[in-house]
Amino acid sequence: MRELQESEARFRNIVERSFQGVFEMDRRGRFTYVSPSVAQITGFHGSEVLGKSFREFIHPSDLPLLVKTYINLMRGKEVQGLQYRIRKKEGSADYVEINAFPVYEDEKVQKIQGVIRSISDKSIHKGDIHRFSSLMDTAMDRANVWIDVLDAEGNVMAWNRAAEEISGYHREEVVGHNWIWKWLYPEPQYRKSVLQTASAIIKKEKEVSNFETVIRTKDGQRKTISWHSCGLTDRDGRPTGSIAIGRDVTAQKQAETALRNQIETTKAILNATPDMTVLADLEGRVIDCNHSFLKSLGAKKEEVVGGTLEKILPPDVLEGRLEKARRVAETRMPLQWEDSRGGRWFENRLYPISDEKGEVTQVAAFIRDVTGEKNMRRQLLEKEKMAALGQIAAVVAHELNTPLANIAVTADILAAQFPAQGQEDLQEIKRQVFTASHIIKRVLGFSSMQDVTRQPADVKNVVEQAVASVRETYDLDGTTLVNSVEACPLWADHHRLHEVFTNVIANAVLAGEPEGDRHRVEIGSSATEEEVTVTVADNGRGMDPATKERACQAFFTTRPPGEGAGLGLFVATFIVEQHGGKLSIESHVGSGTVVSVTLPRGRR
């Protein structure tokens, strides 16, 4: 029992310090347990949740889904990875994800348990059930254990008050005969087995200790009794009967069963979480771990549990972890930090686990892979920044269009009035106005990027139109442009893809050396049933690794001031990703650049 209590305490400590919230509901959907992490997720303290229906905490739009889910759980169906919105205490909505499963008692779903994330203390009061009262120290009738005495034929000779209270049968009903056996054990086969043991005890063939039987009381209850029994003899050593001391351990057995179930449930919950969990002592010996931790190592449980962290962690990492574990043991305070390994980011938490003496002997570690969360935050920040820049760009572009138009008109008027020697300067003014207008058009396009509208298209047709646009816009003297893209139908936004390939081809054309006359741009394609890839290759300057790294960032350009907005590849990448595709770059200084655009052909 003590081991069960220690195990329960250990797993409860783990659950209540887990990143995940753990909850339990009754058949009416009312919360009967929530772990402290639920307060961090919802903003509601446990006391504000217990006894209340789950409906009070669900976003109104998602309530029908949760009601349907609750009905399915009560019908015995498990729920994995359900995502929905909750109403937090301060009034805002937040998305959460749950895994939940039904809990059966007497073959019926009696409650629901689960774990929640933002994408019991079963104090077993043993009371008197563990106390033995020595027959030598107390009178038989004052003993708090069942005591009965049988004669050699199995007839009841003595029946104390505790036996009356436990069984419901008074001594007047049972003393003097052996009918009690049928009453306590109505099932014939089971009764036969119990009588065989009782007979062997009377004959001095055996003694029993902690021998458990299940009796049927007078009012129909089933109780588990733990017996200590031995035979009695007369002065000559002949068997005369037996004496039995019984303890009603029904509550204890129920508590042990509930505790085991709770431990198994806790293990199941921990194994259902994506967080890696490991329990180790201060020397680094692994006591237990969950499935996520094993999966991260690619190992089996028997290969890890009982071994040391030295076998699974690099020396430099091991020493750091052990030092942090010792610090947690000394301060008795949790420790949290982030680090990166193998290109991924992890959030680490260490919690002290104390023994019955209050000494910290173990440390529970929770490791969460937060790479995705960090990337999402970075992308969100990038989108917010781009949105702000887009608004600024739209305002600036709008304000510049009017004066540029006036300059162009004025240049046309002056061209009609000035003699021939001034025409070259006026044409230069018009060319600069055209360049500025083109940049402004690109900026306006960036500020109004919208979702794609897919419809049947052909990649060859799109690329041919993009090539035509480049030829009309740029001077291709000294540049050979070869287009060998083959027809390939796909579902895409024709106009947005036209913008993609216009930007990519224009970059390739402009990548030639200013003084060179052998610049070459080749456009090709390849396709499978699922996707099509268009490559734009040039033999121009190429890019060093630092330039290549920033090539697709907004407002980054290597051209002289006034010759580009630095949005071409950024817009192209954005549109390709909206299509579910990928834009990649291969480039080396002096060897040219190859830009590959891969797009799905279907409707996804």
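**Chat at the model**

Visitor: Asn210, buried or exposed?

Guide: Exposed, because Asn210 has 52% relative accessibility. Buried means under 20% relative accessible area, exposed over 50%, and partly exposed in between, with a 1.4 Å probe and protein chains only. This is a predicted model, where local features need pLDDT of at least 70 and side-chain atom pairs count only at pLDDT 80 or more, while totals for chains, interfaces and linings use all residues. Residues are numbered from 1 along each chain as its sequence is written, and side-chain values use heavy atoms, with hydrogens and water left out.

Visitor: Where is the place of Asn210?

Guide: In strand β8, residues 208–216. Helices (H or I, at least four residues) and strands (E, at least two) are DSSP runs, numbered from the N terminus. Phi of Asn210 is near 55°, a positive value in a residue other than glycine. Most residues other than glycine have a negative phi.

Visitor: And what about phi of Arg332?

Guide: Also positive, about 60°, and Arg332 is not a glycine. Arg332 sits in the loop between α12 and β13. Arg332 counts as partly exposed because its relative accessibility is 46%.

Visitor: Sheets next. What is the order of the five strands in the open sheet?

Guide: β12-β11-β15-β14-β13, with antiparallel pairing. Two strands pair if DSSP finds at least two bridges between them.

Visitor: Which strands stand at the edges?

Guide: β12 (286–289) and β13 (335–341). Each has a single partner strand, so one side of each has no neighbour in the sheet. Neighbouring strands here are turned by 25° against each other on average, direction ignored. Axes are lines fitted to C-alpha atoms, for helices over the stretch in contact, and angles run from 0 to 180 degrees between N-to-C directions.

Visitor: Which helix packs on the sheet?

Guide: α12, residues 315–331. It touches β13, β14 (344–354) and β15, and its direction makes about 170° with that of β13. Contact means heavy atoms within 4.5 Å.

Visitor: How many bridges join β11 to β15?

Guide: Six, between β11 (residues 276–281) and β15 (residues 360–369), which run antiparallel. The bridge partner of Ala280 in β15 is Val363. Thr277 stands opposite Phe366 in β15.

Visitor: How many join β14 to β15?

Guide: Nine, again between antiparallel strands. Leu350 stands opposite Ala365 in β15. β14 and β15 form a hairpin with five residues between them, and Gly358 in the turn has a positive phi of about 85°.

Visitor: Why is β15 described as largely enclosed?

Guide: Because eight of its 10 residues are buried.

Visitor: Salt bridges. How many does the structure hold?

Guide: 19. A salt bridge is a side-chain nitrogen of Lys or Arg within 4 Å of a carboxyl oxygen of Asp or Glu.

Visitor: What forms a salt bridge with Asp369?

Guide: Arg344, with the closest N and O atoms 2.7 Å apart. The pair links distant parts of the chain: Asp369 is in strand β15, Arg344 in strand β14, 25 residues apart. Asp369 is partly exposed at 32% relative accessibility, and Arg344 is partly exposed at 38%.

Visitor: What about Asp281, which side chain does it meet?

Guide: Arg285, at 3.3 Å, N to O. Asp281 counts as buried at 15% relative accessibility. Arg285 is partly exposed at 39%.

Visitor: Now the largest nonpolar core. How many residues?

Guide: 40, and those with the most contacts inside it are Val459, Val463, Phe501, Ile505 and Ile523. A nonpolar core is a set of buried Ala, Val, Leu, Ile, Met, Phe, Trp, Tyr and Cys residues joined through side-chain atoms within 4.5 Å.

Visitor: Which elements each supply at least two residues of this core?

Guide: Among them are α15 (459–473), α16 (494–510), β19 (519–527) and β20 (531–538). α16 gives the largest share, eight residues.

Visitor: What is Val463 in contact with?

Guide: Leaving aside neighbours within four places in sequence, Asn483, Val485, Phe501, Ile505, Ile523 and Val534. There is also a second, separate core of 25 residues, which includes Val34, Ile41, Phe44 and Phe54.

Visitor: Last one, helix α9. How many residues has it?

Guide: 23, residues 250–272. It reaches 32 Å from first C-alpha to last, close to the 33 Å expected at 1.5 Å a residue. The expected span is 1.5 Å times one less than the number of residues. Its buried residues include Leu259, Ile263 and Leu270.
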